[in-house]
Each structure stands twice: as structure tokens, then as C-alpha cells.
Amino acid sequence: MVTGSGRGGIGRDIAVQLARLGGARVVVNVKKRQEDGKETLNMVLGYSDGILVQADVSRRDGGARTLVRETLDAFGQVHILVNNAGLGIGAPFLDADDALIDKMVSTNLMSAVYCSQEFARVMQPGGAA
Ligand SMILES: NC(=O)c1ccc[n+]([C@@H]2O[C@H](COP(=O)([O-])OP(=O)(O)OC[C@H]3O[C@@H](n4cnc5c(N)ncnc54)[C@H](OP(=O)(O)O)[C@@H]3O)[C@@H](O)[C@H]2O)c1
């Protein structure tokens, strides 16, 4: 399971390399639109099995929990979670308003907390986040 892996960047590389080098079955995650992840999924499918799941991981309900449910529905188990989803700050520090600060914290910090908790509950012994 690699969060934020649909639109290129480090997440796509991790997803594809897990499939290519490790033969992992990979869950590709996009925040909003399924179309954004199709290219990554096709790259994964060139090496192994995979699915694409739309979920905003800055939320527990409808985000992290959706990923867990769809991962287990597809593969029945999970061994690896990569908390990759993140945002670069979009404003100078002193100009960041509360809405932007909330978005940064929920995306860069809370997504990892939500996903790590929700996946750790169902992960195989020896699994890793
Ligand atoms: N690149 C670097 O030099 C560097 C250095 C240190 C740390 N990092 C960290 O490494 C990670 C990947 O970096 P990157 O350069 O590959 O960044 P990136 O190209 O901006 O990719 C981030 C990915 O996260 C997704 N994402 C953002 N919010 C999300 C949410 N709420 N739910 C699901 N997916 C979400 C984005 O999707 P959308 O585009 O659809 O929003 C995007 O696919 C980030 O966490 C970043 O902070 C990067």
C-alpha cells in the first residue's frame, strides 16, 4: 500500500519498484480522481498485480479506513504501508493562514497517523510501515 502514488513523483517510483523488484501486489492510491492513477497502475501491472483506490488519506473515515477495506477486499492481507502522500507548503511561513496550516498538518502528519494506526490493526506479523 503506497499512499499518494497515483500522480508520479516518489510514490509512483516506490509502487512500481515494489512490484518490479519484490513482486509485491500493490495498492496505488490517488486523492481525488481515479484517472490520475491509471498510468501508475498500468506500470505496476507490467510486473505484478495491483489495484487503484481513491481515498483522501488526510481523513480517517473515507480515507485511511477506505484504503484498508479495499486492500483487504482485494488481497486479503497487507504487509507493507508506505506513508508517501504529502504536500509542499504553498506560502511563505508568515503568510500561511489557518486553512493552509490545517491542510499541511492533516496531509503531512495526520495521514501517516491515520494510515499507520488503521493498517497496523490488520497487518500481518512482521509487517512494516
Ligand atoms: N521530493 C523531495 O525532495 C522530498 C523531500 C523530502 C520529503 N519528501 C516527501 O516525500 C513524499 C513524496 O514527495 P514527491 O516529491 O513525490 O511529492 P509529489 O510529487 O507532490 O507527490 C505527492 C503525492 O501525494 C498525493 N497526495 C497529497 N495529498 C494527498 C491526500 N490527502 N490523499 C492521497 N494522496 C495525496 C499527491 O496527489 P495529488 O497531486 O493528487 O494531490 C501526490 O501524488 C511527500 O510526502 C514529500 O513531502 C519529498
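1. A pocket, as used here, is an open set of grid points with protein on both sides within 12 Å along at least five of seven lines. The model is predicted. By that definition, the second largest pocket holds about 260 Å³ of space. Its lining is made by 15 residues. Ala24, Arg25, Val78, His79 and Ile80 lie nearest the centre of this pocket.

2. Which elements give two or more residues to the lining of the second largest pocket? They are helix 1, strand 1 and helix 3 (60-75). By class, the lining has nine nonpolar, five polar and one charged residues.

3. Now the largest pocket. About 520 Å³ of space lies in the largest pocket. It is lined by 23 residues. Closest to its centre are Gly4, Lys31, Ala85, Gly86 and Leu87.

4. Two or more lining residues of the largest pocket come from each of helix 1, strand 1 (26-30) and helix 4 (98-120). Helix 1 gives the most, with three residues. The class count for this lining is six nonpolar, eleven polar and six charged residues.

5. Next, the helix pairs. Helix 1 (residues 9-22) and helix 2 (residues 38-45) have axes that come within 8 Å and cross at roughly 20°. Angles under 35 degrees count as roughly parallel, so helix 1 is roughly parallel to helix 2. The crossing of helix 1 past helix 2 is right-handed.

6. Which residues make the contact between helix 1 and helix 2? Helix 1 supplies Arg12, Ala15, Val16 and Ala19. Helix 2 supplies Glu39, Thr40, Met43 and Val44. Sorted by class, this contact has five nonpolar, one polar and two charged residues. Arg12 and Glu39 are the charged ones. Thr40 is the polar one.

7. The axes of helix 3 and helix 4 come within 9 Å, crossing at roughly 35°. Left-handed or right-handed? Helix 3 passes helix 4 in a right-handed crossing.

8. On the helix 3 side, the contact is made by Arg60, Ala64, Arg65, Leu67, Val68 and Thr71. On the helix 4 side, Tyr114, Cys115, Gln117, Glu118 and Phe119 take part. The contact of helix 3 with helix 4 has six nonpolar, two polar and three charged residues. Arg60, Arg65 and Glu118 are the charged ones. Thr71 and Gln117 are the polar ones.

Terms used
Residues are numbered from 1 along each chain as its sequence is written. This is a predicted model: local features need pLDDT of at least 70, side-chain atom pairs count only at pLDDT 80 or more; totals for chains, interfaces and linings use all residues. Side-chain values use heavy atoms; hydrogens and water are left out. Axes are lines fitted to C-alpha atoms, for helices over the stretch in contact, and angles run from 0 to 180 degrees between N-to-C directions. Helices (H or I, at least four residues) and strands (E, at least two) are DSSP runs, numbered from the N terminus. Angles under 35 degrees count as roughly parallel, over 145 as roughly antiparallel, 65 to 115 as roughly perpendicular and the rest as oblique. A crossing is left-handed if the near helix is turned anticlockwise from the far one by less than a right angle, and right-handed if clockwise. Contact means heavy atoms within 4.5 Å. On a 1 Å grid over the protein atoms alone, a cavity is a set of points where a 1.4 Å probe fits but cannot get out, and a pocket is an open set with protein on both sides within 12 Å along at least five of seven lines; lining residues have an atom within 4 Å of a point. Grid points are joined across faces, edges and corners, and a volume is the space filled by probe spheres set on the points.
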